[in-house]
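Open the model in your viewer and keep the sequence beside it. This tour tells you what to select at each stop.

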Amino acid sequence: MKRGREEHDMMIRQFMTEDIVKVQCLLEAGKPYVVPYREYVYWILARYCKETCFVAEQDNAILGFLAALPSPERECLFVWQIVSEYRKRGKGIGMQLLEQVKQSMERLGLYRLEISVDPENAACNRLLEKAAALWDCQLNVSGKYQDDTFSEIVYFMEIQKSEESRKGFRTYP
């Protein structure tokens, strides 16, 4: 994968161990909808999930982060955390991160995206609705999690193969 791609002076690139502290600060500012975990968790992501974890960077500042984990059992990519810098929300950072993960899904041969979201996180819920409309797919609920202090809705989208990914596949009658 290339080091990154620029869009409007912002680059989406793979998450690296050097980004951990900045990402933890970004996640801390995103509470209560996202929370930072121990540095070791992000070290694992940077080391073992390079194709599915990304940052949005501009002028050496991390403006967004997305961590996704492939699930061979569920044949999907699960977005575990997505966050953007609160002063930059509504500027397309989340959508650019989702677009990058969609490209990774195609490289991995995965076409089901799952993500869990706090039902009160209106910004993330709008982002998912926008992505589903842009990608011409349905946003469906596949489950819910709730305990005494925490609630999440698990959504999924079946993403259509792009024309590029269809090339090279032969259809048999």
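The stops below go from the whole chain to single residues.

**Before you start**

This is a predicted model, in which local features need pLDDT of at least 70, side-chain atom pairs count only at pLDDT 80 or more, and totals for chains, interfaces and linings use all residues. Residues are numbered from 1 along each chain as its sequence is written, and side-chain values use heavy atoms, with hydrogens and water left out.

**Whole chain**

Show the cartoon. The protein has 5 helices and 8 strands. Helices here are DSSP runs of H or I with at least four residues, and strands are runs of E with at least two, numbered from the N terminus. Follow the order from the N terminus: β-β-α-α-β-β-β-α-β-α-β-β-α.

Of the 173 residues, 46% are buried. Buried means under 20% relative accessible area, exposed over 50%, and partly exposed in between (1.4 Å probe, protein chains only). Now look at contacts, meaning heavy atoms within 4.5 Å. Among those between residues at least 6 apart in sequence, 60% join residues at least 24 apart.

**Helix α3**

Select residues 93-108. This is helix α3, with 16 residues. From first C-alpha to last, α3 reaches 23 Å, close to the 22 Å expected at 1.5 Å a residue. That expected span is 1.5 Å times one less than the number of residues.

Is α3 largely enclosed or open? Of its 16 residues, 12 are buried, so α3 is largely enclosed by the rest of the structure. Among the buried ones are Met95, Leu98, Val101 and Met105. Just after the helix, Gly109 takes a positive phi of about 75°.

**The cores**

Next, find the largest nonpolar core, with 31 residues. A nonpolar core is a set of buried Ala, Val, Leu, Ile, Met, Phe, Trp, Tyr and Cys residues joined through side-chain atoms within 4.5 Å. Helix α3 gives the largest share, 6 residues. Other elements giving two or more residues include β5 (76-84), β6 (112-117) and β8 (151-158).

Select Leu113, one of the residues with the most contacts inside this core. Leu113 touches, among others, Leu98, Val101, Trp135 and Met157, not counting residues up to four places away in sequence. Apart from this core lies another, of 16 residues, among them Phe15, Val23, Leu45 and Ile62.

**Aromatic rings**

Show Phe, Tyr and Trp. The whole structure holds 7 aromatic pairs. Rings (for Trp, the six-membered one) pair if their centres lie within 6.5 Å; planes under 30 degrees apart count as stacked, over 60 as edge-to-face and the rest as tilted.

Zoom in on Phe15 and Phe65. They form an edge-to-face pair, 5.0 Å centre to centre, with 65° between the planes. Phe15 lies in the loop between β2 and α1 and Phe65 in strand β4, so the pair ties together parts that are 50 residues apart in sequence. Both are buried. Together with Tyr37, Tyr42 and Trp80, they form one aromatic cluster.

**Backbone stops**

Most residues other than glycine have a negative phi, and most peptide bonds are trans.

- Lys31 and Pro32 are joined by a cis peptide bond, with omega about 10°. Pro32 is in the loop between α1 and α2.
- Asp59 is not a glycine, but has a positive phi of about 50°. Asp59 sits in the loop between β3 and β4, and counts as exposed at 68% relative accessibility.
- Glu75 also has a positive phi of about 50° without being a glycine. Its place is the loop between β4 and β5, and Glu75 is exposed, with a relative accessible area of 60%.
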